[in-house]
Amino acid sequence: MLSPHRVRHAVAVVLLCAAAAVLPPSAAVADGGPAWTAAPSGSGGGESRPYFYLEGVAGTVFEDKLALTNAGGEPRTVRLRGTGADGGGWIALAAAEVKIPPRTRAEVPFTVTVPAGAAPGDHPGAIVASGGGREKDVRVHLRVSGPTLAALTVEGVTVRERGDGAVIEYALVNRGNTTLTPRLAVRAEGLLGGEILRRAPRTLPERLAPGARVERTEPWPDAPALEAVDVRLTATAAGGARGEATASASFVPWGTVTGTALLVVLVAGGAAVRRVRRNARPLTPDPESTRPERPLAKAGATT
C-alpha cells in the first residue's frame with residue numbers, strides 16, 4: 001500500500017503527464033535520432049542541468065523532477081528505476097513506468113531520502129530510464145554534509161612480460177568517503193639505481209566512488225631486455241589523497257644459457273647493491289638468485 005506521500009506523487013505524475021508541454025512539430029525526432037530523452041528538469045530560467053546535484057545533512061528528504069521528452073510522432077513508454085550503492089536505494093520515483101504522448105515532455109517527481117545515520121561524503125546514484133530498446137542513465141550526485149576523508153591506495157602491483165615489452169598491473173581503491181578522480185605517476189629504477197622509466201602524473205579516466213576498486217594496466221612497450229628493476233606507482237587525488245606501491249621484476253633473454261647466467265649475476269648483484277644503498281648491512285647471498293626458475297614480478301608493498 002502506498003503511503004500518502006507516494007500517493008500524492010503518483011497523482012502528481014499523472015497530472016503532469018496529462019498537462020505536459022506539447023512540442024512544436026519541428027521538434028519531432030529526426031530519422032535515426034533517439035525516440036525519447038531523459039534529463040533533469042529545467043531550473044530557474046529554464047536552463048537544463050547535465051545531472052542532479054543534491055547536498056544536505058543526514059536525514060534530509062530532497063525533491064526534484066526528471067524530464068522525459070518524446071519528440072516523435074508515436075507514444076512512448078519509458079520505465080524508471082533508481083540505481084547506485086547508497087544513493088540509488090534512497091531514490092523513490094512517483095511512477096515506475098510513464099507513457100508519453102507524441103511530441104510531449106513529461107516531468108516525473110521523485111524524492112531522495114537520506115537516512116539519519118548516513119555517513120558524510122559522496123553517495124552517487126542514478127535514475128535509469130529504459131524503453132524502445134535503449135537505456136539512459138541520469139546521474140544523481142548526492143553529498144551528505146559533514147567531515148570528509150580523501151584516502152586512496154595502490155594495491156597488487158605486478159609486472160608481466162607482454163610481446164616485446166611488459167605491462168604493469170595494479171588496482172586503485174578509494175578508502176575514503178568522497179568521490180575521487182585519481183592521477184597516476186610511474187617510475188622505475190634499474191640495477192644501480194639509474195632511472196629507466198618516468199611518467200609524469202596524469203589524470204585517469206575513472207571516477208572512484210567511496211569504497212570502489214578498479215583494476216588497471218599500464219603498458220610498458222619499451223621495457224628493458226636485460227635488467228632488474230624496481231617499479232613505483234604513485235596515485236594522488238584532490239583532498240590530499242595519496243597512495244604508493246612498488247614491485248620488483250627481472251628482464252632477461254631466456255633463449256640462451258648466457259642469458260640465464262646473466263640473470264643470476266643481475267639478481268645477486270642487484271640484491272647486493274640495494275642492501276648497500278638502503279642500510280649498509282653486511283651482504284649475504286640471495287638464495288633465490290640461484291634457482292633456475294624465476295617469477296617475473298613480486299607483489300609490491302603498499303604505503
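A residue is called buried here when its relative accessible area is under 20%. With that cut-off in hand, welcome to a set of close-up views of a predicted model.

**View 1. Phe52 and Phe110 form one of the aromatic pairs in this structure.** Searching the whole structure turns up two aromatic pairs. In this one, the ring centres of Phe52 and Phe110 are 4.9 Å apart and the ring planes meet at 80°, so the arrangement is edge-to-face. Phe52 belongs to strand S3 (residues 52–56) and Phe110 to strand S8 (residues 104–113), so the contact ties together parts that are 58 residues apart in sequence. Both Phe52 and Phe110 are buried.

**View 2. Trp220 meets Phe251 edge-to-face.** Here the planes stand at 85°, with 5.8 Å between the ring centres of Trp220 and Phe251, so this pair is edge-to-face. Distant parts of the chain are linked once again: Trp220 sits in strand S16 (residues 213–220), Phe251 sits in strand S18 (residues 241–251), and the two are 31 residues apart. Trp220 has a relative accessibility of 1% and so counts as buried. Phe251, at 3%, counts as buried too.

**View 3. Arg134 lies over the face of Trp36.** Take a look at the distance from Arg134 to the centre of the Trp36 ring, which is 4.3 Å.

**View 4. Strands S14 and S15 make a hairpin.** Strand S14 (residues 183–189) pairs with strand S15 (residues 195–203) in the antiparallel sense, and six bridges join them. Five residues lie between the two strands of the hairpin, and Gly193 takes a positive phi near 90°.

**View 5. S12, S13 and S16 form an open, antiparallel sheet.** The three strands follow the order S12-S13-S16. Strand S12 (152–162) and S16 are the edge strands, each pairing on one side only. Direction ignored, neighbouring strands of this sheet are turned by 20° against each other on average.

**View 6. Nine bridges join S12 to S13.** This view stays with the sheet and turns to strand S13 (residues 165–174), which runs antiparallel to S12. A handy landmark is Val159, which has Ile168 as its bridge partner in S13. As a reminder for reading such views, strands of a sheet pair through backbone hydrogen bonds.

Key:
Residues numbered from 1 in each chain as written. Predicted model: local features only at pLDDT ≥ 70, side-chain atom pairs only at ≥ 80, totals over all residues. Heavy atoms only, no water. Phe/Tyr/Trp six-rings, centres within 6.5 Å; stacked < 30°, edge-to-face > 60°. Helix = DSSP H or I, 4+ residues; strand = E, 2+ residues; numbered from the N terminus. Buried < 20%, exposed > 50% of the residue type's maximum accessible area, 1.4 Å probe, protein only. Lys NZ or Arg CZ within 6 Å of the ring centre and 35° of its normal. Pairing = 2+ DSSP bridges. Axes fitted to C-alpha atoms, helices over the stretch in contact; angles between N-to-C directions.
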